[in-house]
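Trainee: I would like to learn how to read a structure such as this one, feature by feature. Could you take me through it slowly?
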Amino acid sequence: NSQDEEIAEAENLKPAVGIAAIQVGIPRKLIAVVVPDPDDPEKNLEFALANPRIISESVQNSYLEGGEGCLSVPENHEGHAFRHARIKVRAYDLLQDKTVVIPAEGFLSICLQHEIDHLSGILFYDRIDRNNPMKEDPEAEVY
Ligand SMILES: [Zn+2]
């Protein structure tokens with residue numbers, strides 16, 4: 001709903017691509033992610049995952065050039081939040097009603113790692129180098 005301009009305005013929602021249950025006070029390992037499908041800009045990739053776990057991750061990093069934001073972090077934290085460029089996530093997907101293994105890269109990979117971090121109390125700025133927030137990694141995928 002937050003990605004729909006009309007609903008967002010009517011219900012005073014901040015646009016977001018993901019949320020973890022703990023952010024609304026529900027202490028369960030649940031996350032929801034809705035991101036544009038890189039293969040079809042008309043479509044979204046949607047997941048509602050219970051007990052998500054990263055079962056493999058690339059050595060190569062990735063990060064968003066403009067930094068990350070978070071519904072639970074009202075203030076701005078500039079810097080590159082380093083993530084794995086590619087991951088595989090095993091979870092029970094409530095939308096598909098089955099256990100899935102999701103191979104993720106690009107923006108989806110970053111979003112899944114951001115939300116899964118919430119389940120351990122880790123926020124995106126914990127992934128930014130305090131002494132060198134704009135640190136670059138020549139090997140990384142940058143979006
Ligand atoms: Zn967040």
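Mentor: Let us begin with the pocket: strand E2 gives the most to the lining of the largest pocket, with 3 residues. Strands here are DSSP runs of E with at least two residues, helices are runs of H or I with at least four, and both are numbered from the N terminus. Please keep in mind that this is a predicted model, in which local features need pLDDT of at least 70 and side-chain atom pairs count only at pLDDT 80 or more, while totals for chains, interfaces and linings use all residues. Residues are numbered from 1 along each chain as its sequence is written, and side-chain values use heavy atoms, with hydrogens and water left out.

Trainee: How should I read a sheet, and in what order do the strands of the open sheet with E1 stand?

Mentor: Strands of a sheet pair through backbone hydrogen bonds, either parallel or antiparallel. Two strands count as paired if DSSP finds at least two bridges between them. Here 5 strands form an open sheet in the order E1-E2-E3-E6-E7, with antiparallel pairing, and its edge strands are E1 (18-20) and E7 (98-105). E1 and E2 (residues 30-37) are joined over 3 bridges, and Ile19 stands opposite Ala32 in E2.

Trainee: What is the order of the sheet of 3 strands?

Mentor: That open sheet has the order E5-E4-E8 with mixed pairing. E5 and E8 (141-142) each have a single partner strand, so one side of each is left without a neighbour in the sheet. E4 and E8 run parallel, joined by 2 bridges, and Tyr63 stands opposite Val142 in E8.

Trainee: Which residues are the protein donors of the zinc ion?

Mentor: Donors are N, O and S atoms within 2.8 Å of the metal (3.2 Å for Na, K and Ca), and water is not among the atoms, so sites may look incomplete. Here the protein donors are Cys70 (SG), His114 (NE2) and His118 (NE2), lying 2.1 to 2.2 Å from the zinc ion. Cys70, in the loop between E4 (61-63) and E5 (83-84), and His118, in helix H2, are 48 residues apart.
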